[in-house]
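Here are my notes on the predicted model.

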Amino acid sequence: MTFKRSNRTYDEASLYEYAVGALGRRMRTVVELKRLMRTRVGKQADGDTLVGAVITRLKDHHYLDDSHFAAVYSSFRKDNEKFGRMRVKQDLKLKGVQEEVIEQAVTAVYDGISDEQQARRFLSRKRLKKPTDQKETARIFRTMVRAGFGTRTIVGILKNWDVEDETLMLLEQEQAEAETRIEDEEA
């Protein structure tokens, strides 16, 4: 079933009201809100002008602030999800937050917390136990990589669990190859 697109035209006041409602449902970055409003105004002739005016007005009223969003988001992901720095940085980048803002927020939130401490909290939250074979070791390794922890941190924890060095070496090599592939695709 397809939905008929509304032919409604927006003025600044109605678009502002829509944007405030969207922000009332959850916090958003400037990029996310612009994307939402652009779909709302569609091919309206003055759409980009309206979106720009509403964004400026929201910033003036302090309803929209990417640095505040990044700080709150980083804190939530660290405290509740127990994710590592890299995961939080990646998520914020996907949400359209600028690189400098991401770096400031994540550095401030993760200040004084070691990656190993955070990784152990993550393992506890996920109830991951000492692996009994290579397959479980690989699963735990990949889970921790997705959670944003560095290879060095993960290997250190797995060594404390007396995982075979050969298995760790293979996993490190696999991760290095994956990172190289990603870098090549981005270039």
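1. Helix H4 covers residues 66-81, which is 16 residues. From first C-alpha to last it reaches 21 Å, close to the 22 Å expected at 1.5 Å a residue. Just after H4, Lys-82 takes a positive phi of about 65°.

2. Which residues of H4 are buried? They are Asp-66, Phe-69, Ala-70, Tyr-73, Ser-74, Arg-77, Lys-78 and Glu-81. Seen down the axis of H4, the buried residues fall within an arc of 150°, so they line one face of the helix. An α-helix has 3.6 residues a turn, so residues three or four places apart point the same way.

3. What does the buried side of H4 pack against? The partners of its buried residues are helix H2 (30-41), helix H5 (85-94), helix H6 (99-109) and helix H7 (115-126).

4. The largest nonpolar core has 31 residues. Those with the most contacts inside it are Leu-92, Val-97, Leu-123, Met-144, Phe-149 and Leu-158. At least two residues of this core come from each of H4, H5, H6, H7, H8 (134-146), H9 (151-160) and H10 (165-186). H6 gives the most, with five residues.

5. Take Leu-92 as a case. Leaving aside neighbours within four places in sequence, Leu-92 is in contact with Phe-69, Ala-70, Tyr-73, Ser-74, Val-97, Ile-102 and Val-106.

6. The model has three aromatic pairs. In one, the ring centres of Phe-69 and Tyr-73 are 5.7 Å apart with planes at 15°, so the pair is stacked. Both residues lie in helix H4, four residues apart, about one turn of the helix. Phe-69 counts as buried because its relative accessibility is 4%. Tyr-73 is also buried, with a relative accessible area of 15%.

7. Phe-83 and Phe-122 form a tilted pair, 6.2 Å centre to centre with 40° between the planes. Phe-83 lies in the loop between H4 and H5 and Phe-122 in helix H7, so the pair ties together parts 39 residues apart in sequence. Phe-83 is buried at 8% relative accessibility, and Phe-122 is buried at 1%. With Phe-149, these two form one aromatic cluster.

8. Charges also sit over rings. Arg-87 lies over the face of Phe-83, at 4.2 Å from the ring centre. Elsewhere, the charged end of Arg-57 sits over the ring of Tyr-16, 3.7 Å from its centre.

Methods. Residues numbered from 1 in each chain as written. Predicted model: local features only at pLDDT ≥ 70, side-chain atom pairs only at ≥ 80, totals over all residues. Heavy atoms only, no water. Expected span 1.5 Å × (residues − 1). Buried < 20%, exposed > 50% of the residue type's maximum accessible area, 1.4 Å probe, protein only. Arc of directions from axis to C-beta. Contact = heavy atoms within 4.5 Å. Core = buried A, V, L, I, M, F, W, Y, C linked by side-chain atoms within 4.5 Å. Phe/Tyr/Trp six-rings, centres within 6.5 Å; stacked < 30°, edge-to-face > 60°. Lys NZ or Arg CZ within 6 Å of the ring centre and 35° of its normal.
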